[in-house]
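Have the structure open as you read.

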Amino acid sequence: MPGSDDEDFELSTREKKRRKKHSKKHSKKEKKKSKSSSTKKRPRPIKSSSDDDFHSAPKQKNGKRSVAKPPTQLKKLEKTDRLNYAMQAFLWWEAPEPRPGCQWDTMEHAGVSFPEPYVPHGVKMLYDGEPMDLTAAEEEAATFFAAMDQDGMHLGNPKTAPIFIKNFFADFRSVLGRKHVIKNFDKCDFGAIRKHLNEQKMIKKAITEREKAVRKDVKNDALYKFGYCLVDGHLEKVGNYNMEPPGTFRGRGEHPKMGKLKQRVLPEQVFINVSECVGVPPCSVDGHAWGDVRHDPCVMWLGQWKENINNQVKYMQLAAQSSFKGKSDRSKYNKAAKLCAFIGKIRKAYKSKLKAKELEDRQLATAMWVIDRLALRVGGEKDTEEEADTVGCCSLRVEHLHFDPNEEGDDNCEIELEFLGKDSMLFKQTIDFGATMYTENNGMGEEVYKNFVKFVKNKKKTDEVFDTLTPSSLNSHLKELMEGLTAKVFRTFNASLTLQEELRKTEQSGSWKTLSAAEKVVEYNNANREVAILCNHQKTVSKAQENQLENIGNKLETLKHQKKVLKSILIRHAKGDKEVPLKKPEKELKEAADQAILNAKRMKEEAKTDEDKIKATHADEEAKQQRREATQSKFIQAHLWDKVPTKEQVCKRITLWTTKIAKMEMNLKHRDDNKEVSLGTSKINYMDPRITVAWCKRNEVPIEKIFSKTLRDKFNWAMSVPPNLEFNAELAK
DNA sequence: AAGTGTACTTAGGACCCCCGCC
DNA sequence: GGCGGGGGTCCTAAGTACACTT
């Protein structure tokens, strides 16, 4: 595939195939859209515009070229839309399977896109007060550090900051070379570079609409060139076609390697996977070539390279909405559904082993219970010299178990599990193994508790609880119970089943039928939240969010105070006292703020130099702050009047404030409940989408209210299920 | 049987942009 | 009509699983 770099990569033969699909689907959609069209029988309604546009730049959106067309012309779609139609045309779940063991027969793509080379800014860091002359590579490394947020999750955390700095400085010094004067981090001052970067941000903020459009076009050009892949004649979206740029490694938690320099990856380090018959995509960097070209139809990756931090392979793959991912997603959910038929047998099997003589059997049974009931991950072994110290089921250590955490005495069956899981997210739950939820219906809570007591006996804090188990031994046992069963299937299974049960509860409530779609969505999110809690999907509350929460809290306090004042006014009224507090003039503040905003806007428009742009952004930020203050002062006396109010006015306002307070309290509670729970992860990865689709259909909730466009594309295979669908073993057939 | 390598899924945070609210 | 917050997307780290090697 020779094709020059300037054009969208050539699609000669595949283009024909694509168009076939494209026009089919497209014509359907178009017919719907253009009822007025008199040319219904036109075989390929958008043929002409589509054909000559596919290769041309996307800039001519509003098509000056279409001057001569009749008024009945169809709406001209943007290139992205047309490509989307082309992709949607392929219903892989209705198409024949590829050869066994293979993912594809032919695959063609444009390879990886690389970031621009580093352009030095010339701003000097100080060492011991002296400005330093650095080479481009040295300056780049210094700039990576300067770009780090001082209050962020790495440098803002006193536990991780020293690790980050130590690693960064070691790598920085090796870039500088041994003889360089820079030897001590404490004498380094990156302030000037940091200031420069902030200024660049300011300049970027002062961008005009036109510049914005240009930027978007450039981005789209890259998307059209690299973002699509042709698999067996079908257009598919590529997930990550941009090579990861160099920078500092941002490992999570207490990752021992955080701060190390992540090197720039050259084309020579990249392997490309394409089919033999289509030719190799040209390397997009002048004077460079791919490290290797493979033709392996057994794998789904399009490109791979090794990163220098952990020496791990990274891949370029198709996007989540592609057929490859869709197929494996569907089979994942089918496997989980299949577990419905086996779960009874499996629970019986591990119940009988909970009291086995062999320690290994007991541990196996106990671990199975943990994975099944607590939805823990399997927990592979980790090297704490190389990675953060996080654990899962098999790697749990004695120190992660706290018996009788509330010091209620020996006769309770409570254990607090406290450990860092994947991504160093804290798992902290007290499990009462004697509670009904773990004992009813063959829950086995008490037996499991006894086993835990036994397993930790005479062990050191740092010993593993399940010392006889490994993920692979556990998984090979699971394979004996059900074909293809592994530990992670339990998470999918439990998440999906929980969603189904919680959703069923919603439908059974008395007032369900009277709820609006929006109210039903709230109920769906509540069900979703139960799943997220089960899977321990969390998000850390950022400082901004915390502030926001605090602000709402303060506002609430103000409202409550205002209500009190209103009541006191009412009392004074009754006494005939006309001395009530009145509004102070606030107009001036507001007007000044408005004026400042106008000024800033003008500055932005008139800005020519970078300096002007920085000034404009500053002015804009200050003006906005001024306006916030004006709004704030308005809010503080919003309950008052300009002149003495009547009794009715006061009464009315008290009622209004009561509803305001109630509303805000709800809002606050809602935010507080959700601030640490992340609903997205379970929606994307764990809950069978067919359950959601069926629920939406049964309850006349538009699917758009639950699944975003990307999710609807990702789950396109699940959209046609019947409204009465149940998540059970039938699905797997 | 443990170690190593490969390929894939799962994950949270940063950032951006759009839509509902004032 | 403007703006701020939140949803959505992007980014890439961090898991699981399993084949293959030693």
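What follows covers the protein surface by the DNA, then a residue in one of the helices behind it.

Keep in mind that this is a predicted model. There are 26 residues around DNA strand B, and the ones that come nearest are Ser 328, Lys 332, Arg 377, Thr 540 and Tyr 686.

| Residue | Distance to phosphate oxygen |
|---|---|
| Gln 304 | 3.0 Å |
| Ser 328 | 2.6 Å |
| Lys 332 | 2.5 Å |

Which elements give two or more residues to the surface near DNA strand B? They are α8 (323–353), α13 (487–508) and α19 (680–685). The largest share, 3 residues, comes from α8.

Now for a residue of that helix: Ser 323 is found in α8. Is Ser 323 buried or exposed? Its relative accessible area is 3%, and the cut-off for buried is under 20%, so Ser 323 counts as buried. Setting aside neighbours within four places in sequence, Ser 323 is in contact with Phe 90, Trp 92 and Glu 236. With Glu 236 there is also a polar contact: the two side chains are joined at 2.5 Å.

Notes:
Residues numbered from 1 in each chain as written. Chains lettered and ligands numbered in written order. Predicted model: local features only at pLDDT ≥ 70, side-chain atom pairs only at ≥ 80, totals over all residues. Heavy atoms only, no water. Near = heavy atom within 4 Å. Polar contact = N/O pair within 3.5 Å; in protein donor to acceptor, adjacent residues only side chain to side chain. Helix = DSSP H or I, 4+ residues; strand = E, 2+ residues; numbered from the N terminus. Buried < 20%, exposed > 50% of the residue type's maximum accessible area, 1.4 Å probe, protein only. Contact = heavy atoms within 4.5 Å.
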